[in-house]
Amino acid sequence: MNINMYIYTWIYTFIFINMYTYIYAQDFVNKELIHFSMMDNMRSIPSLVDGLKPGQRKILFACFKRKLRTEIKVAQLAGYVAEHSAYHHGEQ
């Protein structure tokens with residue numbers, strides 16, 4: 001079986017099994033959406049300890065690790081931050 005057929009079979013099986021699985025709106029909000037809301041609050045509200053959000057803390061960590069003294073381009077800094085601070089979104 002080639003890889004394309006395997007992927008097609010896996011997707012078809014996944015869709016077929018989950019096609020008839022229903023979830024009530026109340027269960028979705030109380031069980032699934034609550035995780036998103038809690039993580040969104042953690043990313044949006046600064047810490048009381050240092051006043052930084054997790055994203056800002058990652059940028060400062062990368063800047064201190066690289067020992068930045070001069071200006072660099074934003075794209076270079078973004079690449080360095082993504083590479084050295086476990087950022088797994090977008091370009092990988």
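Patches here are built from residues with over 30% relative accessible area and no salt bridge, joining like charges within 9 Å and nonpolar side chains (Val, Leu, Ile, Met, Phe, Trp, Tyr) within 5 Å. The areas themselves come from the Shrake-Rupley method with a 1.4 Å probe, and for residues only the protein chains shown count as cover. With that in hand, look at Ile23, Phe28, Val29, Leu33 and Phe36: together they make a nonpolar surface patch of about 460 Å². Val29 sits in helix H2, residues 25–44. Its relative accessibility is 41%, so Val29 counts as partly exposed; that label falls between buried (under 20% relative accessible area) and exposed (over 50%), using a 1.4 Å probe and protein chains only.

Now a word on what you're looking at. This is a predicted model, where local features need pLDDT of at least 70, side-chain atom pairs count only at pLDDT 80 or more, and totals for chains, interfaces and linings use all residues. Residues are numbered from 1 along each chain as its sequence is written, and side-chain values use heavy atoms, with hydrogens and water left out. The pLDDT, the predictor's confidence in each residue from 0 to 100, averages 80 over the protein chain, and 72% of the residues score at least 70.

As for the fold, the chain has four helices and zero strands, with helices (H or I, at least four residues) and strands (E, at least two) taken as DSSP runs numbered from the N terminus. Of its 92 residues, 5% count as buried. The chain exposes about 8,800 Å², with carbon and sulfur atoms supplying 65% of that.

A polar atom of the Ser85 side chain lies 2.5 Å from the backbone oxygen of Val81. Beyond its neighbours within four places in sequence, Ser85 is in contact (heavy atoms within 4.5 Å) with Lys58 and Phe61.

Finally, the charges. Side chains of opposite charge can pair when their charged atoms come close. The whole structure holds two salt bridges, each a side-chain nitrogen of Lys or Arg within 4 Å of a carboxyl oxygen of Asp or Glu. Asp40 and Arg43 form one at 3.7 Å, N to O, three residues apart in helix H2. Arg57 and Asp50 also meet in a salt bridge, at 3.0 Å.

Definitions and conventions. Polar contact = N/O pair within 3.5 Å; in protein donor to acceptor, adjacent residues only side chain to side chain.
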